[in-house]
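Work through the exercises below with the sequence and coordinates open. Each task is followed by a solution in steps.

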Amino acid sequence: MTAVATPDARKAGRWLYVTSVVLLCAWVIVPLYFLLINTLSAPEDVQSYPKAFFPAFDMGSLSFFVTFNGMIDALLNSIMVAGLTMILSIAIGAPAGYALSRFDFRGKELFRLLILLTRAFPLPLLALPLAVMFIRTGLDDTIIGLALVHTTLAIPFAVLITFSLFSGIPMELEEAAWTLGCTRLTAFTKVVLPLILPGIAASAIFAFVISWNEVFAAAVLTIENRTLTAFLLVKLSEAPIHLKFAGGFILVLPALIFIFAVRKYLFAMWGIANR
Amino acid sequence: MNARFLPYVLIAPVTFFLCVFFLYPFVLVANQAFTADGGYTMENFREVVSDWKFPISLQNTLLLAAAVVPVQLALALLMATMVNRMQKGRDLILYVWTIPLGISDLAAGIIWLAIFEQSGFLNSMLDAVGVIDKPANLLTYQNPWIVFLAIALAEIWRATAIMLVILVAGIGLIPKEYYEAAEVFGASKWKQFLRITLPLLRPSLQTALVLRVILAFEIFAVVAALGGTLFPVLMSETYAYQFDLLNSGAAAAMALIILGISIAATLVILRALRVPKGATI
Amino acid sequence: MTLFSKTFGAASAIAMSCAAVAAQADVLFWSTQARPAEEAQAMTEQVLSGFAGGVDYQPNEGGPWLTRLQAELQAGSGSIGVLGSLHGDFSAMNPDDLVDLDDLGVSSASATFDTLAKLGTDNMQYIPWMQASYIMAANKEALQYLPEGADIDALTYDQLIEWSANVHEAVGEPKFGFPAGPKGLKHRFFQGYLYPSYTNGVVRTFASDEAVTAWEAFKSLWEHTNPASTNFSFMQEQLLSGDAWIAFDHTSRLAQAFNDRPDDFVAFPAPAGPTGRGFMPVLAGVAIPRTAPDMDAAKELVKYMLDPATQIATLRATNFFPVVDVALPEDLPPSVKAAGDAVAKMSGSADANPGLLPAGLGDKGGDFSQVFVDTFERIVLANQDIRMVLDDQKGKLAAIMQESGAPCWAPDAASDGPCPVE
């Protein structure tokens, strides 16, 4: 059909395509732009009507947070917890994803169910027994302790995403490598790993974001070593509306920067995967 | 290493980890659901199910999942195939589309409240183009459908990116040769999508759907921000039992009900999109 | 894996050192009050900075607050030194988990508060810390629509309804605001204001004919209430945005309106009904959990909180009033003056009918409030028949009273056993 498409139809198709891309971008960005407007507006303007569609660059709300005691420490804590969560969940989750996609073994279904159960049960209810356990073992109020809990939340993503990616890579590819003299391990590192690196990056981003945005466990399990989310959200939920927006903005920003920074790895898949 | 033991070695770390940090506390909590006054009983389940709000919150949760997830799936598939065709600016577009990944449900709730509230941006926009004279009250108990729509839109905005990233990664793994062959045989783009992309994407589709559906049953923060008390969902009732009524037995029972629904939905999806081992392409 | 183990090692070393620094310990003040960012900041910088031992003030939402506390109590050790919360939260706890505080030698100026603080035991389980109340506030624009002959400082419910109707008619949209959102304190309005004003009771009179009248009155007020009220939790926001012109709320949840635009708003007492002007206090207390790491420092901090100078600083920071006798300074923020005047007029009015906080409900306090919230949602939002709903909810209320064995509290007439629902 591509061969017979008339120039007009092609032009129209092209136009439709570009418009949809632009519209979808707007769909994502416009609400964020509203957040930006409210963040950079004076308190009175946040409550006014009709709203201005351009920010007034009033830094009052933002500077309120910058002068907050402990913001920097909380930011560092957040980054450390999220970083640890990322590493742990991939290191622990990816092998299981590989096992799920490549082997039939007894208890496989049970194992998958266990993974999903983790995601389907509300964490705030588990926080009490976890906190008791942590206080008794001394993990309480440490970066590692919180990272362990966040890893539990991120593992289903890590396992399932790596599973689906490994499943997308033909078994024959690995088998071919074996016949060419690779061991199971070298076949994996030389053939499979490069192919799924982007997927690994994707689940790493998930892990980071899950940890970054998690509040409840952070609020219960840390006291001195608050993460930024726990630090801000506790204060935000009842703060005046203009501070809510500014705080929301401060929470969103680092995650955006992080995704931007790792987008190369996330989307490097195009170079590799275009076989 | 022996192929019989290898899989167990590979899943051992996850299993150990989840046993300590999930299964152990989970068993303690689940136990509470079946105990009341020191004995084993179904009393907690009877209590939560017979509450006048239970049918409403169950219905709301299911309706919302049924409305949101298919739209997200379609949207994510559309975006993923569009990105796939892109030659220029792919990185940038994909980055923009994945931005909502980094936004927590609480922040998303705040953002969409700013749009839908009475003196919010939606009214301001309608006002600017002259459709309305004075701001209409949108999120009220008289407009349950607008409340529903606002929540659904916020969810679609926030959580489509999760599916998108999984699907984009999956599409990237489909060999180009299939499409080239299809072109040679004159298959239309739509046919290529139906015959090549969809079937080969099955593992990723399965994962994306399962994760998304499970999260949809746990929706809470966005609903609380936009619906206030108007739109009770299962999760908000669970929290109310745990933290307002201090009734952890009932909260645990609610949580187990959510868990049961999630497992049922998961099994259906897994059945429908069964992935053959090692995906023979 | 070397990168992994290195990172892990480094992170754990940092985490350990953090923990070590924390161990030399300020007193951890674990609070559900003064949560908003600005109030929390003020607590740290203006109220607690004067305490010699050093304080780490950590406000938290009810859920995490309680979960953390329960975990420490179950584990048998912890880091929380002092608890700050509402009377209702403490009364839901097991008194054995709180240290008896009689030997501190501090108490509030109110014998009623001190009795409440014993939580049904013989000893002080917490020390009253600060108090507030619920009042009305209005945009001055609305004053021109006051019904003829109505005195804003002595309104009746009928006048309030008429006033709201006038505003509704004049402006074209309903401008009464009611905090019926998820975090709104609507149940306190029913328990402490509507019921006492119409039925001279709360529990005994729950399903009485007078209660039907009360709900009918509330329904007619609701016709002139901004229907988005089910999203409102802090009426200061809607007063400032203009979405509400007349509002009922907690004094500290109205404060920002007065502080931001003191000339635009007036505060006034809650209205009166057939059985008087019902109103109720809000009482917050400080307590020490039995797991406090440094008991002496914690006790010092509790004493410090009751110091008159601290109480005034707390008033400035949180808009909660002192519970000890202090002379209030002149230069208070506008919100404090406005709220203070309104509360004084309310309690000093001839028809005042003060209620007490629900007492003796134990861990049923949440269920008790839920009965009123459910009743509201069914009658007003779901438009169900008032008599039918009250008769239905009555069973739940009676079960709660039976189970907790709580005797009646004012304005209900005293009872021997658990307070009966008549």
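**Exercise 1. Find how far apart the centres of domain 1 of chain A and domain 2 of chain A are, taken over C-alpha atoms, and describe the side of domain 1 that touches domain 2.**

Solution. 

Step 1. The model is a predicted one. In chain A, domain 1 covers 7–61 and domain 2 covers 70–273.

Step 2. Taken over C-alpha atoms, the centres of these two domains of chain A are separated by 30 Å.

Step 3. Domain 1 of chain A puts 8 residues into the contact, and domain 2 of chain A puts in 8 residues.

Step 4. On the side of domain 1 of chain A that touches domain 2 of chain A, α1 and α2 (43–46) of chain A each supply at least two residues. The largest share, 4 residues, is that of α1(A).

Step 5. Sorted by class, this side of domain 1 of chain A has 4 nonpolar, 4 polar and no charged residues.

**Exercise 2. Decide whether chain A is as compact as a globule or more spread out.**

Solution. 

Step 1. Count the elements: chain A has 13 helices and 0 strands.

Step 2. Compare the radius of gyration with the globule rule. The radius for chain A is 23 Å, whereas the rule gives 19 Å for 275 residues; the value is well over the rule, so chain A is more spread out than a compact globule.

Step 3. Take the extents along the principal axes. The C-alpha atoms of chain A fill a box of roughly 70 × 70 × 30 Å.

Step 4. Of the 275 residues of chain A, 54% count as buried. Among contacts in chain A with a separation of 6 or more, 75% are between residues 24 or more positions apart.

**Exercise 3. Describe the contact between chain A and chain B from the side of chain A.**

Solution. 

Step 1. The contact involves 82 residues of chain A and 83 residues of chain B.

Step 2. Identify the contributing elements. Those of chain A that give two or more residues to the side touching chain B include α1 (7–39), α4 (71–102), α7 (143–168), α9 (184–213) and α12 (241–267).

Step 3. With 13 residues, α7(A) gives the most to the side of chain A that touches chain B.

Step 4. Classify the residues. The side of chain A that touches chain B divides into 60 nonpolar, 15 polar and 7 charged residues.

**Exercise 4. Characterise the packing of α1(B) and α13(B).**

Solution. 

Step 1. Two packed helices are described by the angle between their axes and the distance between the axes.

Step 2. Helix α1 of chain B holds residues 6–33 and helix α13 of chain B holds residues 248–272; their axes come within 7 Å and cross at roughly 110 degrees.

Step 3. Angles of 65 to 115 degrees count as roughly perpendicular, and α1(B) is therefore roughly perpendicular to α13(B).

Step 4. List the residues that meet. From α1(B) these are B:V29, B:A30, B:Q32 and B:A33; from α13(B) they are B:S248, B:G249, B:A252, B:A253 and B:L256.

Step 5. By class, the contact of α1(B) with α13(B) has 6 nonpolar, 3 polar and no charged residues.

**Exercise 5. Is B:L63 buried, exposed or partly exposed?**

Solution. 

Step 1. Locate the residue. B:L63 is in helix α3 of chain B, residues 54–85.

Step 2. Count the neighbours. B:L63 has 13 other C-beta atoms within 10 Å.

Step 3. Apply the cut-offs. A residue is buried with 20 or more such atoms and exposed with 12 or fewer, so B:L63 is partly exposed.

Step 4. B:L63 and B:A152 are 89 residues apart along the chain, and their C-alpha atoms are separated by 10.0 Å.

**Exercise 6. Describe the overall form of chain C and the contact of its two domains.**

Solution. 

Step 1. Chain C has 15 helices and 11 strands. Its radius of gyration is 23 Å, close to the 22 Å of the globule rule for 422 residues, so chain C is as compact as a globular protein of that length.

Step 2. The C-alpha trace of chain C spans about 75 × 55 × 50 Å along its principal axes, and 56% of the 422 residues count as buried.

Step 3. The domain assignment gives domain 1 (15–132 + 282–337) and domain 2 (133–281 + 351–404) of chain C. Their centres, over C-alpha atoms, are separated by 29 Å.

Step 4. In the contact, 17 residues of domain 1 of chain C meet 17 residues of domain 2 of chain C. α4(C) gives the most to the domain 1 side, with 3 residues. That side has 8 nonpolar, 9 polar and no charged residues.

Definitions and conventions
Residues numbered from 1 in each chain as written. Chains lettered and ligands numbered in written order. Predicted model: local features only at pLDDT ≥ 70, side-chain atom pairs only at ≥ 80, totals over all residues. Domains from an automatic or database assignment. Contact = placed C-beta atoms within 7 Å. Nonpolar A, V, L, I, M, F, W, Y, C, P; charged D, E, K, R; others polar. Rg over C-alpha atoms; globule rule 2.2 N^0.38 Å. Axes fitted to C-alpha atoms, helices over the stretch in contact; angles between N-to-C directions. Parallel < 35°, antiparallel > 145°, perpendicular 65-115°, else oblique.
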